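Please keep the structure open while reading.

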Number of protein chains: 4
Amino acid sequence: MYYNSGQVSCPPKDPRMKSPATAHIPEEEEVAVNHRTIVGRKRRANTEAKIIEAALQVFAEKGRDAPVIDDFIKAAGIARGTFYNYFKSTSELLTATSTWLTDDLVESIEREIQGIPDPVIRHGMGNRLWMKKAESDPAWCGFVASIWFQGGFALKAPLRDIRLGIKSGGFACSDANVGYDMAMGTMRQGMIRLIAQSSPQKRKGYGDKIVEIILQGLGADPNKINQAMKLPLPDMRRPTRTVG
Amino acid sequence: MYYNSGQVSCPPKDPRMKSPATAHIPEEEEVAVNHRTIVGRKRRANTEAKIIEAALQVFAEKGRDAPVIDDFIKAAGIARGTFYNYFKSTSELLTATSTWLTDDLVESIEREIQGIPDPVIRHGMGNRLWMKKAESDPAWCGFVASIWFQGGFALKAPLRDIRLGIKSGGFACSDANVGYDMAMGTMRQGMIRLIAQSSPQKRKGYGDKIVEIILQGLGADPNKINQAMKLPLPDMRRPTRTVG
Amino acid sequence: MYYNSGQVSCPPKDPRMKSPATAHIPEEEEVAVNHRTIVGRKRRANTEAKIIEAALQVFAEKGRDAPVIDDFIKAAGIARGTFYNYFKSTSELLTATSTWLTDDLVESIEREIQGIPDPVIRHGMGNRLWMKKAESDPAWCGFVASIWFQGGFALKAPLRDIRLGIKSGGFACSDANVGYDMAMGTMRQGMIRLIAQSSPQKRKGYGDKIVEIILQGLGADPNKINQAMKLPLPDMRRPTRTVG
Amino acid sequence: MYYNSGQVSCPPKDPRMKSPATAHIPEEEEVAVNHRTIVGRKRRANTEAKIIEAALQVFAEKGRDAPVIDDFIKAAGIARGTFYNYFKSTSELLTATSTWLTDDLVESIEREIQGIPDPVIRHGMGNRLWMKKAESDPAWCGFVASIWFQGGFALKAPLRDIRLGIKSGGFACSDANVGYDMAMGTMRQGMIRLIAQSSPQKRKGYGDKIVEIILQGLGADPNKINQAMKLPLPDMRRPTRTVG
DNA sequence: AATGAATGAGAGTTCATTCAT
DNA sequence: GATGAATGAACTCTCATTCAT
């Protein structure tokens, strides 16, 4: 995995898969998978997806702390009690939502760039794909910048590539942590600017500028930077999840 | 002014000075500034300072959103009603606190670096002084990183110096905004790492590394970077405000 | 309708009926009126009635402005939060209570007198029934005099009958508004005296005297006044709502 | 006295006179009326008048119950503590204000009509003068209708005249209390209509209509009513107090 | 007398959580 | 599983009153 968030968890596509909220359900009992069980599972998955999708909207609109349970159940069209069948608190929902929202982008990016051998180019391309998403999907950008970055935000892959780049001499940077802080901090700040910037033509291209200055900050060779910035960005196969 | 936040306001040292919460009190134009008035002002200023100082502790401990009025009045040792004589809400108190906490650091930094003619060196020195404070005062660092960076965080001076640096050829950076985002984002992320890092010897020197990578990211000449990093950091004359 | 207050609304006898506080609940158009829904509605209606009945007591005891939320919830035996599930404020509760309390008396009176053709007699009989209620139910009288008369108190039927009476020559009165003010003002003042008067034998008959002077004030013929005052007062079929 | 309110108290014209709020000051001590005492008294009277005049405005604007101490001290331009030097509570201020506002009207009316021997005519003229004030001074009318009528409102003179009128055969009314309720209730209701009616030409003459119907309600002879309504209204010598 | 900062009881309101149906 | 009425702790805010100066 390239962009590999610390807390990986699969979104509830497959009703058989454990999602964070359902992790407590013992699986051993599930010997007799009869019709009712299957129906029940489908309903569960359905409702959970409904809640998470509604939560995305709500968090994107109101931010991290303002939303109250009522906002979620109204947006999801469910009853108060139903909420508690899936999530113990809003913060658990926040975690689930973040995970669901970023995981497959992270996976997609990783899939796209795993073939690139040079860590400098690979890092640059990974960042570009990330910022492209931020540029083109304001709601996603808003959610991630203000919410998902909070607390965790530990992407393993970039740190690893920065380390490899330093070792290989591609990056001139005294300390991998410093480089990582620079890269992550700059991306975040760039995303914050993208949120504030409503005009699409002004957003256009800002992501690449951000990536370029990151590579410069990491001390990459200008020619290599040019090379990384000129590579065509692949269309990511499956469209990734979106907020709206 | 170098580090010049938008809303500069003097802390309530001098009871005659306007502070945000006392701004409505008529001053010089007052016809009869009699004894009672003066006494009253002193008390006001006193209490306001007491509240703000307590608030610093509270915000540093509990963060930006968690604290409730009760936390502040208990910490300040005042009555509920007294709080409302000074601040309409916790967020107003937050603003006042941020302002009070950062304003004189910003002023001090500015005073120190205004004599440096080269915008690259000046920018580097300004950043170093800022990060030095962050390194040496964990509570201040925690407060500022989590609270003051929120929303506003528009320091005019760094942006201006980045612009001047680009114009003079000292910085190689396609867009001043990008450079600004990089510089600010990196400092923030560096401060977040400083907070997480409790061991003093690991904190030691991290601020300078952050500044160094910022200058590299801005495309400064390595010699000039060296020069900026080697200049001795002046002791700022008055010790700046601190959280504890 | 005779005594027809502006905002007629049915009291929540039938859980399916809209009452002010439950007006937002979708009804017939609801697709699936299942068991749970029905049960929920019954509970809602129940609680609402419980609150309103308690509110009557409270308002009657403490007046219009003194009561606080706590009084209502204690009297109704509900939790703080439950109150807000039904009413946003005490004044909304006041409105609901007034409406609930007067509406069916107004309806009953109207039912009784609609058959009387002469507007003079009809007006007299309507007033007599109203004052009879005031005489016999001190709590109701106190509530209505101090609360319901506030602001609105625009009963359409009396005004219409006064107008008809003037047109037909039964009343000698220069201006229907003046007559209306006289009639309403006199009844209110009479009710205030009834409240102050705790001895039942002194209250006895005071309502009829009030009505008599109103008719005299409207310039009705003494014989007709006599006639209106001598007609037996019908027992209103269903006992109307009462405060206690 | 004709219109003689129960609680008569002189307004603070003469600083030597006791007003309700100063009634507790012992007079015995006042043997040595030196300069300072006199100055103090003048200040007292001044401040009290200032408070009461401000209170009139406040009550007229906000009604009987809504105003808080803050409203009064802001309107009067005094300090919090000063308020308590004069009034123990808002309701004491309300009483003082009512008294101050109505007393001299009551006196003036009484002075004007004391020479009229016939109780019917006298009552009619008294009412007319009252309603004339109501017609011409909306603020006064608003204050009196909504505030002063509350609670007390026991005017002795009208009741006495109604009694005398009944005894002399001028009024045909079974019970003086009923007549009194009719007269007072009708005036109040008429005043309420005057408040609601902002157009001066519609207000014009309404007071006399109100008085006319009162006399008719009391059973006065039509000729005598005519006579009472045709007498020219005297200009009351001193202009009475007004709200603005 | 006048001042106005400080007080704290008490009122209003929100909202996460439970639970019978 | 789904429902939504009921709950009450926790929070915000107001305002009459005191008192040192």
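How far does a polar side-chain atom of D:Thr82 lie from a phosphate oxygen of DNA strand E? In this predicted model, the distance from that side-chain atom of D:Thr82 to the phosphate oxygen is 3.0 Å. A residue with the corresponding number in chain B, B:Thr82, also places a polar side-chain atom by a phosphate oxygen of DNA strand E, here at 2.9 Å.

**The surface around DNA strand E**

- There are 36 residues around DNA strand E, and those that come nearest are A:Arg80, B:Thr47, B:Gly81, B:Tyr86 and D:Gly81.
- Of the atoms of DNA strand E that come within 4 Å of the protein, 60% belong to sugar and phosphate.
- Sorted by class, the surface near DNA strand E is made up of 12 nonpolar, 12 polar and 12 charged residues.

**The interface of chain A and chain B: extent**

- Contact between these two chains involves 26 residues of chain A and 26 residues of chain B.
- About 2100 Å² of area is buried between chain A and chain B, and carbon and sulfur atoms give 52% of that area.
- Within the area that chain A buries against chain B, 26% is supplied by A:Asp181, A:Gln189 and A:Ile213, which is more than any other three residues supply.

- The rule finds 4 salt bridges across the interface of chain A and chain B.
- B:Arg193 and A:Asp181 form a salt bridge in which the closest N and O atoms are 2.7 Å apart, and A:Asp181 is also one of the three residues named above for their share of the buried area.
- Polar contact across this interface is found for 16 residue pairs, with both residues at pLDDT 80 or more.

**The side of chain A that touches chain B**

- In chain A, α8 (176–196) and α10 (206–217) each supply at least two residues of the side that touches chain B.
- The largest share of that side, amounting to 13 residues, comes from α8(A).
- By class, the side of chain A that touches chain B has 10 nonpolar, 10 polar and 6 charged residues.

Notes. Residues are numbered from 1 along each chain as its sequence is written. Chains are lettered from A and ligands numbered from 1 in the order in which they are written. This is a predicted model: local features need pLDDT of at least 70, side-chain atom pairs count only at pLDDT 80 or more; totals for chains, interfaces and linings use all residues. Side-chain values use heavy atoms; hydrogens and water are left out. A residue is near a molecule or strand if one of its heavy atoms lies within 4 Å of it. A polar contact is a pair of N or O atoms within 3.5 Å; within protein, one must be able to donate a hydrogen and the other to accept it, and residues adjacent in sequence count only if both atoms are side-chain atoms. Ala, Val, Leu, Ile, Met, Phe, Trp, Tyr, Cys and Pro count as nonpolar, Asp, Glu, Lys and Arg as charged, and the others, Gly among them, as polar. Contact means heavy atoms within 4.5 Å. Buried area is the accessible area (1.4 Å probe) that two parts lose on being put together, summed over both. A salt bridge is a side-chain nitrogen of Lys or Arg within 4 Å of a carboxyl oxygen of Asp or Glu. Helices (H or I, at least four residues) and strands (E, at least two) are DSSP runs, numbered from the N terminus.
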